[in-house]
Amino acid sequence: MARIDFEKDKRLYFALRDVAQHFDVNESLLRFWETEFDIINPRKTPGGTRQYTKNDIENIAVVFQLVREKGLTLEGARQTLKHKKDEESRKIQVIHKLESIRNELKDLEREFEGLE
């Protein structure tokens, strides 16, 4: 799975393929979720190519968390987003920050192992 590193990647827009790989899902699932959840609304070029911002990807992360990790139905996820979107978004941000810290610690561990 090719995760997007938001700390290092300074792109403004991400392709559908990149976002699908980030979440390890099919591109068609993201297109489907776009029709089911109005918070997922990528910009489209005149040729119809989807361009996702970091905010779009954060919204997808919330839907992914609710549907794939918590196992909610699409309707259950919509209801949760209606009532608790900010809370779910904060949870996702905390998870991403913790993953970033873990990666930094792993990098430090590898550096220290190389000194021995």
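Reader: Which residue meets Glu 34 in a salt bridge, and at what N to O distance?
Author: In this predicted model, local features need pLDDT of at least 70 and side-chain atom pairs count only at pLDDT 80 or more, while totals for chains, interfaces and linings use all residues. Residues are numbered from 1 along each chain as its sequence is written, and side-chain values use heavy atoms, with hydrogens and water left out. A salt bridge here is a side-chain nitrogen of Lys or Arg within 4 Å of a carboxyl oxygen of Asp or Glu. For Glu 34, the side chain that meets this rule belongs to Arg 50, with an N to O distance of 2.7 Å.

Reader: How many residues apart are Glu 34 and Arg 50?
Author: Helices (H or I, at least four residues) and strands (E, at least two) are DSSP runs, numbered from the N terminus. Glu 34 lies in helix H2 (residues 27-36) and Arg 50 in strand E3 (residues 50-52), and the pair links distant parts of the chain, 16 residues apart.

Reader: Is Arg 50 buried or exposed?
Author: Buried means under 20% relative accessible area, exposed over 50%, and partly exposed in between (1.4 Å probe, protein chains only). Arg 50 has a relative accessible area of 18%, so Arg 50 is buried.

Reader: How many residues apart are Glu 75 and Arg 78 in helix H4?
Author: Their side chains meet in a salt bridge at 3.2 Å, N to O. An α-helix has 3.6 residues a turn, so residues three or four places apart point the same way. Glu 75 and Arg 78 are about one helical turn apart in H4, because their separation is 3 residues.

Reader: Which ring does the charged end of Arg 78 sit over?
Author: A charge sits over a ring if NZ of Lys or CZ of Arg is within 6 Å of the ring centre and within 35 degrees of the ring normal. Arg 43 gives one case, 4.6 Å from the ring centre of Tyr 13. Arg 78 gives another, 5.8 Å from the centre of the ring of Phe 37.

Reader: How many aromatic pairs are there by the ring rule?
Author: Rings of Phe, Tyr and Trp (its six-membered ring) pair if their centres lie within 6.5 Å; planes under 30 degrees apart count as stacked, over 60 as edge-to-face and the rest as tilted. By this rule the count is 1.

Reader: What is the angle between the planes of Phe 23 and Phe 64?
Author: These two rings form a tilted pair, 5.4 Å centre to centre. Phe 23 is in helix H1 (residues 16-23) and Phe 64 in helix H3 (residues 54-69), 41 residues apart. Phe 23 is buried at 6%, and Phe 64 counts as buried at 15%. The angle between their planes is 40°.

Reader: What is the relative accessible area of Leu 105?
Author: Leu 105 belongs to helix H4 (residues 74-115). Together with residues including Ile 101 and Leu 108, Leu 105 makes a nonpolar surface patch of about 720 Å². Patches take residues with over 30% relative accessible area and no salt bridge, joining like charges within 9 Å and nonpolar side chains (Val, Leu, Ile, Met, Phe, Trp, Tyr) within 5 Å. Leu 105 is exposed, because its relative accessible area is 53%.

Definitions and conventions:
Accessible areas come from the Shrake-Rupley method with a 1.4 Å probe; for residues, only the protein chains shown count as cover.
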